[in-house]
Amino acid sequence: MVLSFKFLVNPVSAASFSSYYKTTYEFDTDGNSFITQEISLVNESPDLFVSEYTLSLSGSQIDKIQAYDGIGPLEIAKTIKDDTTLIKLNFNEKVAGKGKILSFILKYQTKDLAQKRGNLWEITIPKLGKSSDINTYLVVLKVPLSFGKPAFINPTPDLEEKTADHYEISFNKEKLTAVGVLATFGKWQTFDFSLDYELKNESPTAAVGKIALPPDTAYQTVFIKSLNPPP
């Protein structure tokens, strides 16, 4: 999955803006994710302003979209092409002037960022598709304690803490430009499998053959349901 952003600048010019993002992914106990983007654009030019914003997200189903700037709710247009969802926002505020800041909030929901696999929860967060236009980018995961303890997180988070209700895990821009986030929560996993052995007697008389069975270790416990035929 890839997450990318685009701004339309008026008048049309090679405008320079500093951009600051904080994206929070909050998950409920069923694995639904509630995403909040808090975005600020600092104008570095005296006569330019941003008129609209487009978010492009591939491989994810998005719904319940809301957006606001300093004046109020924004006009939202959602289009889907192949496996990519485009969300376009038209701003109420036309913030022009060097050093002026346009701040807005985008919220949406999706169901396919967290998957229950056996006894473990697996969370995948898309990487940034184009990071050169973003000065600061912070991602925060809020994962319910019912998912279990973090078992695996890649890349290594910048901050990880446990609150009364959630695990909060944070990543900065440098961690997300090459890869997205993959995190697994839970204490243990169960696998059900069968092993087939082929024994061949090369002698003309009866012989004893041996097979190796998977052992218990410090990291696994093996339960044997049956051996057929019996030894």
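A: Before we look at this predicted model, a definition is needed: strands are DSSP runs of E that span at least two residues, numbered from the N terminus, and two strands pair if DSSP finds at least two bridges between them.

Q: With that in hand, which strands form a hairpin, and how many residues stand between them?
A: The hairpin is made by β6 and β7, with 2 residues between them, and in its turn Asp 82 has a positive phi of about 60°.

Q: In what order do the strands of the open sheet follow one another?
A: The order is β9-β10-β16-β13, an open sheet of 4 strands with antiparallel pairing. β9 (114–117) and β13 (150–154) each have a single partner strand and stand at the edges, so one side of each lacks a neighbour in the sheet. From one strand to the next, the twist averages 15°.

Q: How many bridges join β13 to β16?
A: There are 4 bridges between β13 and β16 (residues 181–185), and these strands run antiparallel; one of the pairs has Asn 154 with Leu 182 of β16 as its bridge partner.

Q: What is the volume of the largest pocket, and which residues are closest to its centre?
A: The largest pocket has a volume of about 1200 Å³, and of the 31 residues lining it, Phe 193, Leu 195, Val 222, Phe 223 and Ile 224 are the closest to its centre. By class, the lining comprises 18 nonpolar, 9 polar and 4 charged residues.

Terms used
Residues are numbered from 1 along each chain as its sequence is written. This is a predicted model: local features need pLDDT of at least 70, side-chain atom pairs count only at pLDDT 80 or more; totals for chains, interfaces and linings use all residues. Side-chain values use heavy atoms; hydrogens and water are left out. On a 1 Å grid over the protein atoms alone, a cavity is a set of points where a 1.4 Å probe fits but cannot get out, and a pocket is an open set with protein on both sides within 12 Å along at least five of seven lines; lining residues have an atom within 4 Å of a point. Grid points are joined across faces, edges and corners, and a volume is the space filled by probe spheres set on the points. Ala, Val, Leu, Ile, Met, Phe, Trp, Tyr, Cys and Pro count as nonpolar, Asp, Glu, Lys and Arg as charged, and the others, Gly among them, as polar. Axes are lines fitted to C-alpha atoms, for helices over the stretch in contact, and angles run from 0 to 180 degrees between N-to-C directions.
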